[in-house]
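Subject: The structure I promised you

Hi,

Here is the structure we talked about, with its sequence. Have a look at it first, and then read on for what turned up.

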Amino acid sequence: KEKVLQVPDGLSDMFEVPVRFRMKGGLFIAVPEVIWNDVALLEDRINVVSAGCAAGTVKGKDFVPDADMALSIMLRSDAFPSADVDEDVALAFLHRDTVTLHDMDKGYVIIRYKGAALGFVKNLGNRCNNLHPQNRRIRMDVKKTI
(Lines give C-alpha, C1' and ligand atoms only; values in the text may rest on other atoms or scores of the structure.)
Protein backbone atom coordinates (compact mmCIF):
# COMPACT_ATOMS: atom_id res chain seq x y z
CA LYS A 1 0.00 0.00 0.00
CA GLU A 2 1.46 3.37 -1.09
CA LYS A 3 1.57 6.16 1.48
CA VAL A 4 -0.39 9.29 0.51
CA LEU A 5 1.84 12.34 0.34
CA GLN A 6 0.43 15.58 1.80
CA VAL A 7 1.53 18.22 -0.71
CA PRO A 8 1.30 21.85 0.47
CA ASP A 9 -1.63 23.78 -1.04
CA GLY A 10 -0.78 25.47 -4.32
CA LEU A 11 2.61 23.77 -4.76
CA SER A 12 1.52 21.85 -7.87
CA ASP A 13 0.22 25.07 -9.43
CA MET A 14 3.69 26.66 -9.29
CA PHE A 15 4.94 24.50 -12.15
CA GLU A 16 4.49 24.95 -15.92
CA VAL A 17 4.04 21.22 -16.46
CA PRO A 18 1.99 18.66 -14.53
CA VAL A 19 4.19 17.23 -11.76
CA ARG A 20 4.01 14.55 -9.10
CA PHE A 21 5.87 14.73 -5.83
CA ARG A 22 8.03 12.37 -3.86
CA MET A 23 9.88 12.93 -0.61
CA LYS A 24 13.61 12.67 0.02
CA GLY A 25 14.11 13.25 3.72
CA GLY A 26 11.92 16.29 4.38
CA LEU A 27 12.39 17.67 0.87
CA PHE A 28 9.59 17.67 -1.72
CA ILE A 29 10.90 16.64 -5.14
CA ALA A 30 8.81 17.58 -8.20
CA VAL A 31 9.01 15.10 -11.07
CA PRO A 32 7.23 15.82 -14.36
CA GLU A 33 4.29 13.45 -14.74
CA VAL A 34 5.37 12.41 -18.24
CA ILE A 35 8.57 10.82 -16.85
CA TRP A 36 7.26 9.68 -13.45
CA ASN A 37 7.08 5.98 -14.40
CA ASP A 38 10.47 6.10 -16.16
CA VAL A 39 12.11 7.60 -13.06
CA ALA A 40 10.52 4.93 -10.84
CA LEU A 41 11.70 2.17 -13.20
CA LEU A 42 15.26 3.51 -13.29
CA GLU A 43 15.39 3.92 -9.51
CA ASP A 44 14.50 0.23 -9.12
CA ARG A 45 17.44 -0.79 -11.30
CA ILE A 46 20.23 1.75 -10.80
CA ASN A 47 21.43 4.30 -8.27
CA VAL A 48 19.81 7.55 -9.46
CA VAL A 49 21.69 10.49 -7.98
CA SER A 50 19.08 13.11 -8.84
CA ALA A 51 15.73 13.14 -10.62
CA GLY A 52 13.29 16.03 -10.70
CA CYS A 53 13.42 19.44 -9.08
CA ALA A 54 13.97 20.03 -5.37
CA ALA A 55 10.85 22.09 -4.55
CA GLY A 56 11.24 22.78 -0.84
CA THR A 57 10.43 21.79 2.71
CA VAL A 58 7.65 22.43 5.19
CA LYS A 59 8.66 24.20 8.41
CA GLY A 60 5.75 24.54 10.79
CA LYS A 61 2.87 25.82 8.66
CA ASP A 62 5.13 27.45 6.06
CA PHE A 63 6.48 26.05 2.81
CA VAL A 64 10.13 27.07 2.32
CA PRO A 65 11.16 26.92 -1.35
CA ASP A 66 14.45 25.26 -2.23
CA ALA A 67 17.12 27.24 -4.09
CA ASP A 68 16.92 24.78 -6.99
CA MET A 69 13.27 25.62 -7.55
CA ALA A 70 14.17 29.22 -8.46
CA LEU A 71 16.51 27.90 -11.16
CA SER A 72 14.12 25.34 -12.62
CA ILE A 73 12.69 25.80 -16.12
CA MET A 74 9.56 24.05 -14.79
CA LEU A 75 8.76 26.91 -12.38
CA ARG A 76 6.05 29.28 -13.58
CA SER A 77 7.31 32.83 -14.00
CA ASP A 78 4.49 34.17 -11.82
CA ALA A 79 4.83 31.59 -9.02
CA PHE A 80 6.77 34.05 -6.84
CA PRO A 81 7.38 37.79 -6.96
CA SER A 82 10.77 38.65 -8.39
CA ALA A 83 13.19 41.52 -8.00
CA ASP A 84 15.55 42.52 -10.80
CA VAL A 85 18.74 43.71 -9.15
CA ASP A 86 21.93 45.37 -10.31
CA GLU A 87 25.33 43.68 -10.43
CA ASP A 88 26.37 44.78 -6.93
CA VAL A 89 23.24 43.35 -5.28
CA ALA A 90 23.47 40.16 -7.39
CA LEU A 91 27.08 39.62 -6.28
CA ALA A 92 26.16 40.36 -2.66
CA PHE A 93 23.36 37.78 -2.89
CA LEU A 94 25.68 35.15 -4.40
CA HIS A 95 28.27 35.95 -1.71
CA ARG A 96 25.49 35.40 0.90
CA ASP A 97 25.73 38.96 2.18
CA THR A 98 22.69 40.76 3.55
CA VAL A 99 20.42 42.07 0.82
CA THR A 100 17.69 44.68 1.26
CA LEU A 101 14.73 44.97 -1.12
CA HIS A 102 12.74 48.16 -0.91
CA ASP A 103 9.20 48.40 -2.31
CA MET A 104 8.69 44.61 -2.28
CA ASP A 105 6.01 42.71 -0.40
CA LYS A 106 7.08 40.53 2.50
CA GLY A 107 7.63 36.86 1.74
CA TYR A 108 9.69 34.77 -0.65
CA VAL A 109 11.15 36.68 -3.60
CA ILE A 110 13.25 35.44 -6.52
CA ILE A 111 16.37 37.52 -7.10
CA ARG A 112 17.04 38.08 -10.82
CA TYR A 113 20.00 39.61 -12.61
CA LYS A 114 19.45 40.59 -16.25
CA GLY A 115 16.36 38.38 -16.25
CA ALA A 116 18.14 35.25 -14.98
CA ALA A 117 16.96 33.79 -11.68
CA LEU A 118 19.69 33.49 -9.04
CA GLY A 119 17.71 32.19 -6.06
CA PHE A 120 15.39 33.08 -3.20
CA VAL A 121 15.38 35.53 -0.35
CA LYS A 122 12.74 35.87 2.32
CA ASN A 123 11.88 39.55 2.43
CA LEU A 124 11.16 40.63 6.01
CA GLY A 125 10.65 44.29 5.12
CA ASN A 126 13.69 45.93 6.67
CA ARG A 127 16.07 43.14 5.53
CA CYS A 128 16.07 39.82 3.72
CA ASN A 129 17.10 36.34 4.77
CA ASN A 130 19.40 35.04 2.04
CA LEU A 131 18.39 31.49 1.04
CA HIS A 132 21.33 30.93 -1.32
CA PRO A 133 22.99 27.63 -0.31
CA GLN A 134 26.15 28.08 1.75
CA ASN A 135 28.09 25.58 -0.37
CA ARG A 136 27.34 27.56 -3.56
CA ARG A 137 28.40 30.96 -2.28
CA ILE A 138 31.10 33.04 -3.95
CA ARG A 139 34.06 32.86 -1.60
CA MET A 140 36.25 35.62 -3.04
CA ASP A 141 35.80 39.24 -2.06
CA VAL A 142 33.08 40.67 -4.31
CA LYS A 143 33.57 44.32 -3.34
CA LYS A 144 34.77 46.26 -6.34
CA THR A 145 38.18 47.83 -5.99
CA ILE A 146 39.02 50.67 -8.35
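Let's begin with a turn. Find the hairpin of strand 7 and strand 8: four residues lie between the two strands, and Gly-125 there has a positive phi near 105 degrees. One thing to keep in mind throughout is that this is a predicted model.

Strand 7 (residues 116–123) and strand 8 (residues 128–130) run antiparallel, and three bridges join them. One of the pairs to look for is Lys-122 with its bridge partner Asn-129 in strand 8. Lys-122 also has Tyr-108 as a bridge partner.

That brings us to strand 6, which is joined to strand 7 by seven bridges, again antiparallel.

Now zoom out. These strands belong to an open sheet of four, in the order 5-6-7-8, with mixed pairing. Which strands sit at the edges? They are strand 5 (82–84) and strand 8, each pairing on one side only. On average, neighbouring strands in this sheet are turned by 40 degrees against each other, ignoring direction. Helix 3 (residues 87–94) packs on the sheet and touches strand 6, strand 7 and strand 8, with its direction at about 70 degrees to that of strand 7.

Next, the inside. In soluble globular proteins, nonpolar side chains tend to be buried together. Here the largest nonpolar core has 19 residues, and among those with the most contacts inside it are Leu-11, Phe-15, Phe-21 and Phe-80. Elements giving two or more residues to this core include strand 1 (19–24), strand 3 (53–59), helix 2 (67–71) and strand 6 (107–113). There is also a second, separate core of eleven residues, including Ala-83, Val-85, Phe-93 and Cys-128.

Last stop: Arg-22, which is in strand 1. What does the side chain of Arg-22 reach at 3.0 Å? The backbone oxygen of Ala-51. A polar contact of 3.3 Å also joins the side chains of Arg-22 and Glu-43. Again leaving out neighbours within four places in sequence, Arg-22 is in contact with Leu-5, Phe-28 and Trp-36, among others.

Cheers

How values were computed: Residues numbered from 1 in each chain as written. Predicted model: local features only at pLDDT ≥ 70, side-chain atom pairs only at ≥ 80, totals over all residues. Heavy atoms only, no water. Core = buried A, V, L, I, M, F, W, Y, C linked by side-chain atoms within 4.5 Å. Buried < 20%, exposed > 50% of the residue type's maximum accessible area, 1.4 Å probe, protein only. Pairing = 2+ DSSP bridges. Polar contact = N/O pair within 3.5 Å; in protein donor to acceptor, adjacent residues only side chain to side chain. Contact = heavy atoms within 4.5 Å. Axes fitted to C-alpha atoms, helices over the stretch in contact; angles between N-to-C directions.
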